[in-house]
Amino acid sequence: MFGFGKKKKTISITAPITGKAVALEQVPDPAFAQKIIGDGIAIEPEQGVLIAPFDGQVIHLIDTYHSLVLGHESGLELLIHIGVNTVSLQGKPFKPHVKTGDKVKKGQTLIEFDISQIKEAGLPVITPVIVANGDVVAELKANTGSVTANSNELMEIVLK
Amino acid sequence: MEKQFTIKNPQGIHARPAGAIMKKAAEFANAQISLEFNGRKVSAKSITGVLTLGMKAGDIITVSAEGDQAAEAIDAVGTVIESVLD
């Protein structure tokens, strides 16, 4: 390479929820903890608001509103899953602000969720934020610790 | 070749069962495995693809495969599709 070859693209993923970012292994669901679905990080939410971490599109909002897949213009797909086993709540603690196919702007509210209602149902609120199409990723760096939505970087992803 | 399977999970194919389908499909590295439902066809190896089909209990899914061990791949993925993972 002579320096003017194809430059690898790096995407910065801003925190989509305010809370504490922890390793995916902390999620009490083996599908996420063992990275079967994909690599990424999890957030223990302190505020029940999920925002868009980048400009993109809602590829899929699950019909029980607890999970969605966001597409970045680069082709990267991000799956965000609010809580564990929350499919069983049939949408009740979740208020979606978007639908499948919507274009979204960074910082836009995607889903509001009631943390206390989820906890009262006996379910963890910990929220995996993972790359759904890991085949496009060359390198993923995740930051743990306290994060503020739309402010701190949660992950840095280098594409192939 | 292709074969049809019925979703039995009362909660449909949400993230965890979708992950199980994808994991099984990935075991067949040299086969292209597709799921078809409602006029849409996706790769069984894509979590996004599997989720976007929005498969519910009672839905009938067509699984098709090409490449190495295509028949085995269809049966293996079909078994996961029909299983009830909570």
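A salt bridge is a side-chain nitrogen of Lys or Arg within 4 Å of a carboxyl oxygen of Asp or Glu. Between chain A and chain B there are 2 salt bridges. One of them pairs the side chains of R16(B) and D29(A), at 2.8 Å from N to O.

Before going on, a word on the ground rules. This is a predicted model, where local features need pLDDT of at least 70, side-chain atom pairs count only at pLDDT 80 or more, and totals for chains, interfaces and linings use all residues. Residues are numbered from 1 along each chain as its sequence is written, chains are lettered from A and ligands numbered from 1 in the order in which they are written, and side-chain values use heavy atoms, with hydrogens and water left out.

**Where the chains meet.** Taking contact as heavy atoms within 4.5 Å, 17 residues of chain A are in contact with 12 residues of chain B. About 1300 Å² is buried between the two chains, and carbon and sulfur atoms give 66% of that. Buried area here is the accessible area (1.4 Å probe) that two parts lose on being put together, summed over both.

**The cores.** A nonpolar core is a set of buried Ala, Val, Leu, Ile, Met, Phe, Trp, Tyr and Cys residues joined through side-chain atoms within 4.5 Å. Buried means under 20% relative accessible area, exposed over 50%, and partly exposed in between (1.4 Å probe, protein chains only).

| Core | Residues | Some members |
|---|---|---|
| Largest core | 43 residues | I21(B), I33(B), L35(B), M55(B), I81(B) |
| Another core | 37 residues | A15(A), V58(A), I80(A), V137(A) |

Helices (H or I, at least four residues) and strands (E, at least two) are DSSP runs, numbered from the N terminus.

Which order do the strands of the open sheet have? The 3 strands run β4-β10-β8, with antiparallel pairing. Two strands pair if DSSP finds at least two bridges between them. β4 (49-51) and β8 (94-96) are the edge strands, each pairing on one side only. β8(A) is joined to β10 (residues 109-113) by 3 bridges, and F94(A) stands opposite F113(A) in β10(A).

**One residue up close.** V125(A) sits in the loop between α2 (115-120) and β11 (127-131) of chain A. V125(A) counts as buried because its relative accessible area is 3%. Among the residues V125(A) touches are I43(A), P45(A), I82(A) and F113(A).

Conventions: Lists of a residue's contacts leave out its neighbours within four places in sequence.
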